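Let's take a walk through this protein chain, helix by helix. Keep the picture open while you read.

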Amino acid sequence: MAKQFGIIFGCLILGELLAMVPGMTIPGSIWGMIILTILLSRGVVNPKSVRPVCSFLIDNMAFFFIPPGVALMLYFDLIAAEFIPIATATVVSVLLVLLVTGHFHQLMHKRAKRHRK
C-alpha cells in the first residue's frame, strides 16, 4: 500500500516540480496526472498495482473537499460582492465546454467512421 501511494504521490511531486519551472502555466496537479497517465500507458506502472489506492481515494473524495470548502467561507463577502460576474463566467464556461466537447466528439466520431470504411 505504501508503494502504491508512493507512485501516485511521486507523480504529484514531479508534477509540482515541473510546474515550478518559469513559464509553466499548467498546475502541478495536472502535470502529475499527465505523468501518471504516461507511466500507465507505457506500461511502466501496472494499473492493477495502483487500483486499490485509487479506489480508496475515489471512495473518500468528499473528504478532500472539506479544506477548500472551509477556506471558501473566508471569502463569502468577496463572492457576494462579485456574484454576478462569477455566476456569468461559470454559466458561459460550462456552456462553452459542452459546445466544444460536443463538436469535438462529433468530429472524432466522423473521422472514426471514415477510417473504418
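Before we start, a word on contact: two parts touch when they have heavy atoms within 4.5 Å. Helices here (H or I, at least four residues) are DSSP runs, numbered from the N terminus. Buried means under 20% relative accessible area, exposed means over 50%, and partly exposed is in between (1.4 Å probe, protein chains only).

This is a predicted model, where local features need pLDDT of at least 70, side-chain atom pairs count only at pLDDT 80 or more, and totals for chains, interfaces and linings use all residues. Residues are numbered from 1 along each chain as its sequence is written, and side-chain values use heavy atoms, with hydrogens and water left out.

**Two helices side by side**

The expected span in the table is 1.5 Å times one less than the number of residues in the helix.

| Helix | Number of residues | First to last C-alpha | Expected span |
|---|---|---|---|
| H1 | 18 residues | 25 Å | 26 Å |
| H2 | 14 residues | 20 Å | 20 Å |

Which residues of H1 are buried? They are Gln-4, Ile-8, Cys-11 and Gly-15. Looking down the axis of H1, you'd find these buried residues within an arc of 55°, so they line one face of the helix. (The arc is that of the directions from the helix axis to the C-beta atoms.) What do the buried residues of H1 pack against? Their partners are helix H2 (28-41) and helix H3 (47-59). From Leu-14 to Val-53 is 39 residues in sequence and 19 Å in space, C-alpha to C-alpha.

Now for H2. Its buried residues are Gly-28, Trp-31, Gly-32 and Leu-36. Seen down the axis of H2, they fall within an arc of 135°, so they line one face of the helix. These buried residues of H2 pack against H1. On the other side of H2, Met-33 and Ser-41 are exposed.

**After H2**

Arg-42 belongs to the loop between H2 and H3. Is Arg-42 buried or exposed? It counts as exposed, at 68% relative accessibility. Arg-42 and Leu-74 are 32 residues apart along the chain, and their C-alpha atoms are separated by 43 Å. Gly-43, which follows H2, has a positive phi, near 85°.

**A nonpolar patch**

Finally, look for a nonpolar surface patch of about 1100 Å², whose members include Ile-58, Met-61, Phe-65, Val-70 and Phe-76. Helix H4 (61-64) and helix H5 (66-72) are the elements that give two or more residues to this patch. Patches are made of residues with over 30% relative accessible area and no salt bridge; like charges are joined within 9 Å and nonpolar side chains (Val, Leu, Ile, Met, Phe, Trp, Tyr) within 5 Å. A salt bridge is a side-chain nitrogen of Lys or Arg within 4 Å of a carboxyl oxygen of Asp or Glu. Accessible areas come from the Shrake-Rupley method with a 1.4 Å probe. Phe-63 is also part of the patch; its place is in H4, and at 58% relative accessibility Phe-63 counts as exposed.

How values were computed. Arc of directions from axis to C-beta.
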